[in-house]
Amino acid sequence: MAESDKVSEKKGESDLEGALARRLLKLAEKFGEIELDNVTMTVDELTFLLQPAITRLQRPITRGELVAAKPVEKLLEVEFAPPVETYPAQMAEVQLGATRNEGGTRGRAVKVGGAKALPFYGFEAVNPNRPAFAMDVFDMPIHLAKAVRQHFEDVMGDPAAWARKCAHEFGADIVSLNLVSTDPGIKNTSPEDAAKTVEAVLHAVDVPVVVGGSGNKQKDPLVLEKAAEVAHGEKCLLNSVSTDTDYKRVVNAALEHGHSVVAFTPMDINNQKKLNRLLLGEGLPKTQLVMDPTTGALGYGIEYSLSLLERIRLGALLGDTELQMPVLSAASNAWGAREAWMKTEEWGPKEFRGPLWETVTGLTMLMSGADLFMVSHPATVRVLKQITENLNGLGEAKYTVENWVAALG
Amino acid sequence: MAKKATLLSVYQLLPQTNCGKCNEITCMTFASKLLERRATIEECPPMTEAQYKSQAVKLRELVAPPIREIVLGSGERSVKIGGKEVVYRHELTLHNPTAIAIDVSDKMDDTTIVARCRFVECFQFTRIGQKLSLDAMAVRFASGNAERFAQAAALVAKSSSLPLILCSLDPEALRLAIEQKDVLNRRPLLYAATKDNWREVGQLAMQYNCPVAVFAPDDLKNMKSLVRTLRAMGLEDIVLDPGFFPEGGRMKDSIERLVMIRRAAVNRDDKDFAYPILVTPAVAWMGDNVDERAAAYKESYLASLVITRFADAMILHSTDTWAILPVITLRQGAYTDPRKPVAVEAGLREIGKPNEKAPVLLTTNFALTYYTVSNDIESQGVTCYLLVLNTEGLSVESSVAGGQFTAAGVKDLIGSSKVESKVAHRKLIIPGMAARLSGEIEDLAKWEVIVGPRDSSEIKEFLERRSEVVQT
């Protein structure tokens with residue numbers, strides 16, 4: 001009873017509002033303008049202002065009012081043709097890892113790239129290689145979010161064991177070794193000693209290996225050069241070079257020993273093109289080049305990366321030869337976001353929040369066109385691999401319920 | 001290809017009198033604002049006059065986005081969905097962020113329903129100065145008892161001011177629910193018309209002037225036929241659900257259907273698909289003995305996935321903040337203006353009213369870093385000077401690693417910002433993640449360097465805890 005009173009009261013209010021509006025409009029029409037509490041309005045302005053109220057009155061929603069639909073006898077059957085577009089070009093394919101037959105010692109190789117259409121636009125074309133997932137390994141104990149650290153506590157400081165864990169337990173397609181200890185500001189490990197770690201990891205696992213430096217611009221080329229030498233023939237991926245490093249040294253080492261190179265630029269498509277141009281100009285073929293245009297973490301610039309990757313893929317398919325290399329995404333950057341690691345009651349348990357943050361960061365890059373990923377948490381690898389399968393139409397569906405509305409219970 | 005409005009084609013339909021009533025100097029400037037959706041036709045008073053009536057109709061048609069914009073609900077918390085003009089984000093800002101509805105089932109008891117309504121209504125999260133919220137309530141018919149469904153719908157209408165979605169494939173249940181006065185006043189979205197019930201549900205939507213969703217799982221030919229039919233019945237506010245089945249390999253078609261619908265509408269001018277898309281990540285909860293955490297995790301990444309695949313509205317089940325947080329964060333990012341620069345201007349900022357004793361903090365000019373830091377310290381009530389270093393729009397971690405964050409750069413910034421004339425001390429607090437540069441900065445800039453926290457949320461606490469060191 002009380003409820004229906006409230007409703008009629010509301011209705012009364014809007015009726016009154018409408019009546020008032022109409023009266024004002026009449027007055028205004030008569031005098032050309034109207035004064036309301038120091039505000040003078042012309043008819044036009046008033047008509048405009050009052051429009052919403054009047055419109056509401058013209059179309060009242062009342063119970064039982066019968067607005068009949070136009071009679072339609074039966075379903076109007078129409079045809080639908082998928083809006084397929086064709087592209088003049090495709091992405092280059094890069095092979096990581098070489099088997100014994102190919103001059104290396106890997107159990108299997110992983111090919112990335114080669115896309116012929118936008119990511120998972122399977123109605124258009126099926127891309128030849130599924131995206132690959134590399135897991136991060138560090139050559140020394142390092143500060144990691146607790147949710148990640150708990151999986152690697154026992155292997156910290158032992159990169160070979162760490163790599164084994166990633167490849168054998170967590171299903172990593174590739175191991176990404178980061179030689180952070182070579183940084184002069186950290187341990188200043190020599191290129192020779194770092195190369196020994198590379199050998200140990202190559203020995204410990206038979207999946208392809210990415211070799212990364214510490215991010216030190218002067219030291220990295222020396223470290224990567226030495227690593228390339230000891231990993232001769234293994235088709236590693238050297239991570240990375242940029243416009244202001246000695247990229248020639250790294251490219252030469254890659255060419256001499258049969259590796260590929262990551263071209264890293266900070267979120268700028270033109271800089272990426274420029275760097276690619278420089279590297280291609282040094283004689284590095286497209287099939288030995290991978291782009292890393294920077295992955296911003298979810299909530300910390302991911303939208304820039306999303307648009308960047310879409311533009312790269314579209315540009316490449318339309319024929320821009322400077323953008324046709326596979327794209328690397330360091331989804332593990334997600335752990336830099338405070339939402340991934342900070343203990344905050346309001347946000348809920350961080351042991352779910354953290355991996356989910358990395359999963360969503362990686363997934364967004366997957367849908368935007370990344371071909372190769374670096375991730376830290378085992379759950380991210382598991383989930384992204386499964387989604388990738390499903391997006392390619394693989395995997396059995398347990399449920400075939402069509403009426404989800406009722407079936408959800 | 002749909003015909004695209006150009007500056008000239010818009011201008012030609014305007015009065016071209018440069019009367020200035022829209023507060024623009026010329027009709028041409030107004031035309032460009034109209035084109036960029038920064039103004040509406042109603043803001044040009046002459047266009048509402050009788051003499052321009054036919055031009056106004058043409059103009060409206062010309063600037064209408066390829067995807068119809070539909071208003072869900074009524075009143076203050078009504079929400080617009082659709083209105084999209086492009087397929088890719090970099091082409092133009094995406095309008096109307098994906099509306100997120102949380103479901104209730106009519107099998108839940110009343111207390112649970114009211115609690116869920118309250119949670120959704122009050123949910124609010126502030127990120128980078130923006131308030132993020134949830135948008136709607138979806139009521140599902142699962143009990144098999146149409147009267148219970150109507151009752152649950154009325155309860156939700158009473159307990160929530162948010163837009164309603166009535167979910168039932170049974171037209172009689174929908175009728176009973178919508179005829180509840182509280183429900184009807186809210187102009188709920190009717191979910192859904194199908195190949196089996198389109199006649200009845202279409203008539204209901206017509207009769208009660210409600211938007212209606214079309215549910216055509218697995219078949220876009222069917223979807224197109226259904227929409228064509230509803231349009232012929234006189235319906236205009238239509239929402240499309242082509243079926244979302246992320247189980248196993250069915251995910252492929254589910255996602256591809258979303259792409260085909262949007263592309264057909266925007267690039268091929270397909271009028272039957274020119275409507276907002278609704279996706280139901282809540283199906284992650286399907287099945288017996290559902291592990292709640294696994295389901296919430298899955299629902300969260302599925303919801304995130306469809307944000308990048310044209311979802312204009314979605315129905316979720318989870319009310320776990322940890323699962324909702326990534327979704328609303330991605331939505332916020334995806335719907336920002338793609339032209340927004342990655343970097344903010346470098347230089348000196350005053351936070352609060354700093355005096356000569358105020359601490360001096362350092363951060364980078366990456367927009368996200370800068371806004372996070374400045375929002376944090378402002379909300380913590382910290383008064384300080386904030387030096388913003390040009391790191392070419394990179395975060396602290398990336399720029400320290402990438403060499404854009406250098407001691408020499410800091411020295412130059414101290415000089416060019418004239419901060420030395422503003423404070424009486426020479427103490428600089430640098431980000432925790434730039435710790436390894438502290439020695440070099442001290443040597444070059446001749447300032448004492450204090451390594452601050454790794455995260456800006458801890459700045460206030462840091463300043464208090466380390467007050468003797470920071471004391472100036």
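**Figure 1. Both faces of strand 3 of chain B are covered in this predicted model.** On one side sit Ala99(B), Ala101(B), Asp103(B) and Ser105(B), and on the other Ile100(B), Ile102(B) and Val104(B); all of these residues are buried. Strand 3 of chain B covers residues 99-105, and because seven of its seven residues are buried, the strand is largely enclosed by the rest of the structure.

**Figure 2. An open sheet of eight strands in chain B pairs in parallel fashion.** Reading across the sheet, you meet the strands in the order 10-9-8-7-6-3-12-11. Strand 10 (238-241) and strand 11 (278-279) of chain B form the edges, and each of them pairs on one side only. Further into the view, strand 8 (residues 189-193) and strand 9 (residues 212-215) of chain B run parallel and are joined by three bridges. Leu190(B) finds its bridge partner in Val212(B) of strand 9 of chain B. Packed on this sheet is helix 8 of chain B (residues 198-207), which touches strand 8 and strand 9 of chain B. The direction of helix 8 makes about 165 degrees with that of strand 8 of chain B.

**Figure 3. Helix 8 and helix 9 of chain B make a right-handed crossing.** The axis of helix 8 of chain B and that of helix 9 of chain B (residues 220-233) come within 10 Å and cross at roughly 45 degrees. The two helices are therefore oblique to each other. To find where they touch, follow Trp198(B), Gly202(B) and Met206(B) along helix 8 of chain B. They meet Leu226(B), Thr229(B), Leu230(B) and Met233(B) of helix 9 of chain B.

**Figure 4. Met137(B) is among the residues that touch the most other members of the largest nonpolar core.** Leaving aside neighbours within four places in sequence, the contacts of Met137(B) include Ala101(B), Ile102(B) and Val104(B). Also in contact with Met137(B) are Cys117(B), Val120(B), Val156(B), Ser160(B), Leu162(B) and Leu164(B). A second core of 13 residues is separate, and includes Cys22(B), Phe30(B), Ala31(B) and Leu59(B).

**Figure 5. A five-stranded open sheet of chain B has mixed pairing.** Its strands follow the order 13-15-14-16-17. Strand 13 (347-351) and strand 17 (448-451) of chain B stand at the edges with a single partner strand each, so one side of each has no neighbour in the sheet. On average, and with direction ignored, neighbouring strands of this sheet are turned by 30 degrees against each other. Five bridges link strand 13 of chain B to strand 15 of chain B (residues 384-389), and this pair runs antiparallel.

**Figure 6. Two helices of chain B lie across strands 13 to 17.** Helix 15 of chain B (residues 407-417) lies across strand 13, strand 14 (360-364) and strand 15 of chain B. Its angle to strand 15 of chain B is about 125 degrees. Helix 16 of chain B (residues 438-445) lies across strand 16 (427-430) and strand 17 of chain B, running at about 160 degrees to strand 17.

**Figure 7. Helix 11 and helix 12 of chain B are roughly parallel to each other.** Helix 11 spans residues 292-307 of chain B and helix 12 spans residues 321-334; their axes come within 8 Å and cross at roughly 10 degrees. As angles under 35 degrees count as roughly parallel, the pair is therefore placed in that class. From helix 11 of chain B, the contact is made by Ala296(B), Tyr297(B), Glu299(B), Ser300(B), Ala303(B), Ser304(B) and Ile307(B). Helix 12 of chain B contributes Ala323(B), Pro326(B), Val327(B), Leu330(B), Arg331(B) and Ala334(B).

Conventions: Residues numbered from 1 in each chain as written. Chains lettered and ligands numbered in written order. Predicted model: local features only at pLDDT ≥ 70, side-chain atom pairs only at ≥ 80, totals over all residues. Core = buried A, V, L, I, M, F, W, Y, C linked by C-beta atoms within 7 Å. Buried ≥ 20, exposed ≤ 12 C-beta atoms within 10 Å, placed from the backbone. Contact = placed C-beta atoms within 7 Å. Pairing = 2+ DSSP bridges. Helix = DSSP H or I, 4+ residues; strand = E, 2+ residues; numbered from the N terminus. Axes fitted to C-alpha atoms, helices over the stretch in contact; angles between N-to-C directions. Parallel < 35°, antiparallel > 145°, perpendicular 65-115°, else oblique. Left-handed = near helix turned anticlockwise from the far one by under 90°.
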